[in-house]
Amino acid sequence: MSQQAFIGPGNLEHVKEIIESHQARKILLVTGKDSYVQPGVKDALSPFLTGSEVIRFCDFTPNPKLEDAQAGIRLINEAQPDIVIAIGGGSVIDMGKLIVILSAQAEKNSEKVVLNQDLVRTKGLPFVAIPTTAGTGSEATHFAVVYIENVKYSLAHDYILPDYAIVDSLLTHKVPSHIIASCSMDALTQAIESYWSVGSTEESKAYASRAIKMILPVVKSVHEEDSKAKEIMAEAAYLSGKAINITKTTASHAISYPITTYFNVPHGHAVALLLGKFFVIHAEADEAEVTDKRGKIYLSQVMSDLISMFGCDRARDCCKQWYETMAEIGLQTDLQVIGINTDSDVQLIASKVSLERLNNNPVKVTREMLHNLLLVSWVSYS
Ligand code: NAD
């Protein structure tokens with residue numbers, strides 16, 4: 001599946017020609033409840049929707065749940081739109097992907113489809129993804145995150161890649177700074193994870209390293225009124241999405257989902273919490289611990305590339321820099337303050353971790369490692 005992408009400030013206007021090219025008279029618009037109205041996203045988009053009937057679907061909370069998606073599927077079936085446009089954060093874009101793909105399948109039990117992606121046989125309606133946060137890169141990926149009874153699943157299929165991605169950084173200008181901080185670390189984390197993933201290729205590493213090199217100089221200023229930094233971050237988030245579209249993510253993401261679900265930590269903040277420690281784990285792993293088929297020497301080169309992108313000499317310095325950056329942009333780094341304190345907290349998280357993403361990690365994650373990751377301060381890794 002290919003995608004047409006429009007990247008850069010002002011590119012929202014391409015919505016008009018996309019709608020015209022599909023002769024779309026009826027549009028299903030997937031949005032956040034408040035984020036669509038409050039920060040002027042609606043004002044920016046509305047002029048391009050005139051002449052079409054617009055039905056809005058916003059009845060869901062962040063981190064899409066299957067029961068909410070089912071309401072969206074019913075709406076698509078009733079309304080029979082010509083095109084679906086999702087405009088919002090990663091949750092909104094994932095919700096758009098879910099309802100477009102699930103409504104198109106002959107198998108009407110959507111839980112069965114999420115659990116067995118071989119049941120995806122048909123492409124859905126034309127789908128436009130327009131991020132209003134700069135972080136997830138969901139507009140560039142062929143998978144959608146969905147929660148069923150607090151367990152995270154990722155529905156993946158080529159048909160899920162949005163037909164169009166419009167990345168217009170002007171839409172991110174009013175995002176509050178705590179959300180910017182979390183989203184920026186999501187983009188950076190997934191680019192780093194993609195770079196060291198066992199599934200990396202020359203192409204994915206090129207997207208990932210471009211994203212990392214773009215994000216590092218702006219990560220501390222992007223929450224200020226710096227439109228150039230926001231433009232760079234929006235494009236870098238898209239590139240980090242292109243990178244994980246090839247590799248998927250690794251252990252830091254795998255462990256983050258139960259942290260989000262049970263300790264109420266926003267997605268980008270949760271994925272960043274353990275990433276710094278993995279610099280050290282990966283750089284100091286023995287041959288026997290390395291799971292990447294390319295071996296220890298290859299992984300050492302990957303880690304040395306990353307360490308030099310950070311301008312450091314040692315993995316332990318990267319780790320220190322990582323958590324200092326988090327603290328500087330207002331993200332809590334102390335897992336005890338977040339509420340992860342005991343062995344039973346570790347057990348809860350371990351019991352819900354996605355093994356698929358864990359297996360993408362270049363070093364085997366043992367139970368002892370998980371215990372140290374969650375209960376030992378980052379300071380002892382630096
Ligand atoms: P989000 O979509 O949950 O939004 C976070 C908050 O930002 C919400 O309260 C929302 O209302 C607000 N918001 C969004 N746009 C805004 C704007 N312009 N102004 C003001 N507020 C705004 O958060 P996110 O970090 O963008 O997305 C996280 C979700 O994306 C998670 O569910 C994660 O699993 C998923 N994800 C998916 C992929 C993928 O490839 N499918 C990749 C990474 C993450």
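1. Start at Ile87. Setting aside neighbours within four places in sequence, Ile87 is in contact with Leu12, Leu29, Val30, Thr31, Gly32, Tyr36, Val41, Leu45, Val92, Ile130, Thr132 and Leu171. This is a predicted model.

2. Ile87 sits in strand E4, residues 83-88. Its relative accessibility is 1%, so Ile87 counts as buried; the cut-off for buried is under 20%. Val175 is 88 residues away from Ile87 along the chain, and 14 Å separates their C-alpha atoms.

3. Next, the cores. The largest nonpolar core has 80 residues. Ile192, Ile255, Ile259, Phe279, Leu306 and Trp322 touch the most other members. Domain 1 (4-172) and domain 2 (177-375) both give residues to this core, so the core lies between them. Apart from this core lies another, of 31 residues, including Leu28, Ile93, Ile99 and Val113. In soluble globular proteins, nonpolar side chains tend to be buried together.

4. What does Ile255 touch, not counting residues up to four places away in sequence? The partners are Leu274, Phe278, Ile349, Val353, Leu358, Leu370, Leu373 and Leu374.

5. Now the helices. H6 (residues 177-196) and H9 (residues 251-263) have axes that come within 9 Å and cross at roughly 135°. That angle makes H6 oblique to H9. H6 brings Asp186, Thr189, Gln190 and Glu193 to the contact, and H9 brings Ala251, Ser252 and His253. By class, the contact of H6 with H9 has one nonpolar, four polar and two charged residues.

How values were computed:
Residues numbered from 1 in each chain as written. Predicted model: local features only at pLDDT ≥ 70, side-chain atom pairs only at ≥ 80, totals over all residues. Heavy atoms only, no water. Core = buried A, V, L, I, M, F, W, Y, C linked by side-chain atoms within 4.5 Å. Buried < 20%, exposed > 50% of the residue type's maximum accessible area, 1.4 Å probe, protein only. Domains from an automatic or database assignment. Contact = heavy atoms within 4.5 Å. Axes fitted to C-alpha atoms, helices over the stretch in contact; angles between N-to-C directions. Helix = DSSP H or I, 4+ residues; strand = E, 2+ residues; numbered from the N terminus. Parallel < 35°, antiparallel > 145°, perpendicular 65-115°, else oblique. Nonpolar A, V, L, I, M, F, W, Y, C, P; charged D, E, K, R; others polar.
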